[in-house]
Amino acid sequence: METTSLGFPIETVLVFIGIALAAIFIDLYAHRKDTVLSLKSAVLWSIFWIVTALIFGGYLYIHHGENVASLYITGYVLEKALSVDNLFVMMAIFSWFAVPDVYRHRLLYWGIIGAIVFRAIFVVIGTGLLVLGPWVEILFAVIVAFTGVMMLRSGGDDDEIEDYSSHFAYRFAKKLFPTYPKLSGNRFLLNQKELDAELIKPENADLVGKIGKGIFYATPLFLCVVVIELSDVMFAFDSVPAVIAVSREPLIVYSAMMFAILGLRTLYFVLEAMKQYLVHLEKAIIALLFFIAAKLALNASAHLFGHGYSIDPTTSLFIVLGMLALGILASLIWPGKAESDSEATS
């Protein structure tokens with residue numbers, strides 16, 4: 001059977017693309033309207049995306065064996081876990097931009113499209129760099145460990161909403177287009193005719209003559225999605241080396257990341273509702289980052305010094321699942337009632 005440059009038969013690549021495109025089509029058709037996603041619906045759709053990922057994992061198990069399937073599932077779970085912190089950042093971004101709940105699913109869609117593209121670029125670069133030798137793995141280990149240290153040092157600062165008006169992406173977007181400071185339905189950009197229609201409204205009289213001239217005008221939704229995209233690029237610097245620690249095969253790395261990312265839109269609404277009950281999950285994610293950094297360093301030192309020690313795919317999977325389970329269990333035992341109460345009264 002013909003093998004592609006991705007290290008797998010063309011049939012496997014086509015199955016991956018087919019499953020992903022079918023699931024995306026179903027999701028886009030079901031969420032083609034701007035509506036608020038209920039917690040029940042978000043949970044059901046999250047299950048749908050998990051099942052979709054497991055279907056491809058089952059295909060890998062049947063056609064390529066237990067080890068390949070374990071690598072894929074480990075990468076998937078790891079990317080899903082690391083994405084949790086990304087989603088918490090998105091919550092802060094939405095809060096600062098005062099994005100109504102009804103439009104958040106649409107913005108998450110564009111954010112995830114960007115994530116799929118950027119992850120593909122980083123996976124190609126990252127797996128390509130590994131041919132330069134074990135010192136690249138050590139560099140990746142340092143990047144992942146540094147991320148863990150920064151998350152550890154940030155402590156409980158996540159509750160403070162950052163001022164995104166000084167964010168590079170925000171300032172860059174405002175240079176690209178003149179900005180209209182109010183929402184105009186679900187529009188990201190307005191043309192001159194649409195802007196004029198907004199400005200003739202009595203409540204917008206104070207904006208007349210204060211907006212610069214341009215072909216298109218950016219709304220707060222456009223500024224918000226640009227900030228989300230750049231923030232995700234920064235997360236890709238951490239997550240791609242982490243998943244590469246699990247497998248060097250580009251298809252395993254990218255399929256695991258893609259299926260994890262595709263389920264983030266609905267997972268966002270689940271986490272938003274349950275954030276106060278998962279107060280120790282971030283600690284588990286930090287522990288995961290240090291484990292992955294150690295695994296990368298172990299792999300590199302095995303190549304450099306030939307000590308022969310390694311962590312097999314099944315053990316890695318159990319460690320990743322175990323750390324996440326401990327984070328969730330700790331949140332149930334020590335739910336952080338004081339924080340929840342203070343938030344409820346604010």
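Trainee: Which residues is phenylalanine 97 in contact with, leaving aside its neighbours within four places in sequence?

Mentor: In this predicted model, phenylalanine 97 is in contact with Tyr164, Tyr170, Pro220, Leu223, Cys224 and Val227. Each of those pairs has heavy atoms within 4.5 Å, so each counts as a contact.

Trainee: Where does Phe97 stand in the largest nonpolar core?

Mentor: Phe97 is listed with Tyr72 and Phe259 as the residues with the most contacts inside that core, which has 100 residues. Helix H3 (residues 66-97) supplies its largest share, 18 residues.

Trainee: Why is threonine 147 called buried?

Mentor: Its relative accessibility is 13%, and buried means under 20%, so threonine 147 qualifies. This residue is found in helix H5 (residues 134-154). Beyond four places in sequence, threonine 147 touches Asp238 and Leu289.

Trainee: Let's turn to the spaces. What is the make-up of the lining of the second largest pocket, by class?

Mentor: The lining has 18 nonpolar, 1 polar and 1 charged residues. Of the 20 lining residues, Ile50, Lys80, Leu267, Leu324 and Ile328 lie nearest the centre. Lysine counts as charged, so Lys80 belongs to that class. The pocket's volume is about 600 Å³, and H3 gives the most to the lining, with 6 residues.

Trainee: What makes the space beside Trp49 and Tyr109 a cavity?

Mentor: In a cavity a 1.4 Å probe fits but cannot get out, whereas a pocket is open. The count comes to 1 cavity of 30 Å³ or more, and about 90 Å³ lies in the largest cavity. Among the residues lining that cavity are Asp27, Trp49, Tyr109 and Arg265. By class, the lining has 7 nonpolar, no polar and 2 charged residues. Asp and Arg count as charged, so Asp27 and Arg265 fall in that class.

Trainee: How do you know which part of the model to read with care?

Mentor: Look at residues 338-346, where pLDDT stays under 50. The model has 5 contacts for them beyond four places in sequence. Where pLDDT is low, the predicted coordinates should not be read in detail. For the protein chain, pLDDT averages 85, and 92% of the residues score at least 70.

Methods. Residues are numbered from 1 along each chain as its sequence is written. This is a predicted model: local features need pLDDT of at least 70, side-chain atom pairs count only at pLDDT 80 or more; totals for chains, interfaces and linings use all residues. Side-chain values use heavy atoms; hydrogens and water are left out. pLDDT is the predictor's confidence in each residue, from 0 to 100. Helices (H or I, at least four residues) and strands (E, at least two) are DSSP runs, numbered from the N terminus. Buried means under 20% relative accessible area, exposed over 50%, partly exposed in between (1.4 Å probe, protein chains only). A nonpolar core is a set of buried Ala, Val, Leu, Ile, Met, Phe, Trp, Tyr and Cys residues joined through side-chain atoms within 4.5 Å. On a 1 Å grid over the protein atoms alone, a cavity is a set of points where a 1.4 Å probe fits but cannot get out, and a pocket is an open set with protein on both sides within 12 Å along at least five of seven lines; lining residues have an atom within 4 Å of a point. Grid points are joined across faces, edges and corners, and a volume is the space filled by probe spheres set on the points.
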